[in-house]
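Here is a friendly walk through one protein model, written for someone who likes to see the cut-offs. Please have a look at the sequence and structure first.

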Amino acid sequence: MTDGDAALLEELRDMWMTYDPPPPGLVATMIAAVAAADLDAEWEMLTLVRDSRDEPAAQVRGLATSRILYFTAAEGWSLDAELDDGQVRGQLLDFDGDMGAVEIVVDTTDGQSWTTALDEVGFFTLGAEPTGSVRFTVRDSGRSATSRWIEL
C-alpha cells in the first residue's frame with residue numbers, strides 16, 4: 001500500500017464515520033454471524049510469528065542475505081520459508097494431512113505468483129525472487145490458509 005492509498009483510505013474512513021457511522025453493535029453482530037457460519041476452516045490465516053529481519057543479532061553475525069519467515073496456523077502446523085538468491089525454500093511442519101496434496105503459493109501485489117508441491121517430508125523450493133509485498137498460501141484439498149501481505 002502506498003502513502004497515497006493510505007491517505008485515501010483515511011479520508012474515506014473519516015467520510016463514513018462523519019456521514020454514515022456504523023450502528024452500535026455492528027462489530028459484535030458481524031463476529032457472531034461469521035462464527036455461526038463456521039467459517040474458521042475456510043478463512044484460516046497463516047500468522048507470521050517470527051521474521052529474521054526483526055532479529056538484529058542475526059544480521060551482525062554473518063554475511064547471509066536470506067530472510068527467514070515462520071508462520072503458524074490455528075490447526076497447529078507451521079510453515080518456514082527462506083527467501084534468498086532467487087529461491088524461496090521451506091518446509092511445512094507438523095502437518096497431519098497428505099503432503100502430496102499440498103501446494104505452496106507465493107503471490108506478490110504486482111500480480112506475480114509461483115506455485116509448487118511439497119516433497120514427501122514437506123520441503124519445497126521455488127525458483128522465484130519476489131519483491132515488494134508478498135504473501136504465502138498453503139492449499140490442501142480445497143482448504144487454504146493465507147498470510148497477510150509482508151513487505152520485503
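## Ground rules

This is a predicted model, in which local features need pLDDT of at least 70 and side-chain atom pairs count only at pLDDT 80 or more, while totals for chains, interfaces and linings use all residues. Residues are numbered from 1 along each chain as its sequence is written, and side-chain values use heavy atoms, with hydrogens and water left out.

## Overall fold

The protein chain contains 3 helices and 10 strands; these are DSSP runs numbered from the N terminus, with helices being H or I of at least four residues and strands E of at least two. Along the sequence, their order is α-α-β-α-β-β-β-β-β-β-β-β-β.

Of the chain's 152 residues, 29% count as buried. Here buried means under 20% relative accessible area, exposed means over 50%, and partly exposed is in between, using a 1.4 Å probe and protein chains only. A contact is a pair with heavy atoms within 4.5 Å. Among contacts between residues at least 6 apart in sequence, 47% join residues at least 24 apart.

## The nonpolar core

A nonpolar core is a set of buried Ala, Val, Leu, Ile, Met, Phe, Trp, Tyr and Cys residues joined through side-chain atoms within 4.5 Å. The largest one here has 25 residues, and those with the most contacts inside it are L46, W77, L79, V88, L92, F136 and V138. Two or more residues each come from strand 2 (67–72), strand 3 (78–84), strand 4 (87–93), strand 5 (102–108), strand 7 (123–126) and strand 8 (133–140).

What does V138 touch beyond its neighbours within four places in sequence? Its contacts are L46, W77, L79, L92, V102, E103, I104, R143, S144 and A145.

## The second largest pocket

A pocket is found on a 1 Å grid over the protein atoms alone, as an open set of points where a 1.4 Å probe fits, with protein on both sides within 12 Å along at least five of seven lines; lining residues have an atom within 4 Å of a point. The second largest pocket holds about 170 Å³ of space, a volume filled by probe spheres set on grid points that are joined across faces, edges and corners.

Its lining consists of T65, R67, L83, D84, D85, G86, Q87, A128, E129, P130 and L152. By class, 4 of these are nonpolar, 3 polar and 4 charged.

## Salt bridges

There are 8 salt bridges in the structure, each a side-chain nitrogen of Lys or Arg within 4 Å of a carboxyl oxygen of Asp or Glu. One of them pairs E10 with R13 at 2.8 Å, N to O. Both residues lie in helix 1 (residues 3–19), 3 residues apart, or about one turn of the helix. E10 is partly exposed at 37%, and R13 is partly exposed at 45%.

E82 and R89 also form a salt bridge, at 3.3 Å, N to O. In D107 and R135, the closest N and O atoms are 3.7 Å apart. D107 lies in strand 5 and R135 in strand 8, so this pair ties together parts that are 28 residues apart in sequence. D107 is buried at 14% relative accessibility, whereas R135 is partly exposed at 27%. Elsewhere, shared partners join E10, R13 and D14 into one network of salt bridges.

## A loop residue

R53 sits in the loop between strand 1 (45–51) and helix 3 (56–60), and is partly exposed at 44% relative accessibility.

Notes:
Nonpolar A, V, L, I, M, F, W, Y, C, P; charged D, E, K, R; others polar.
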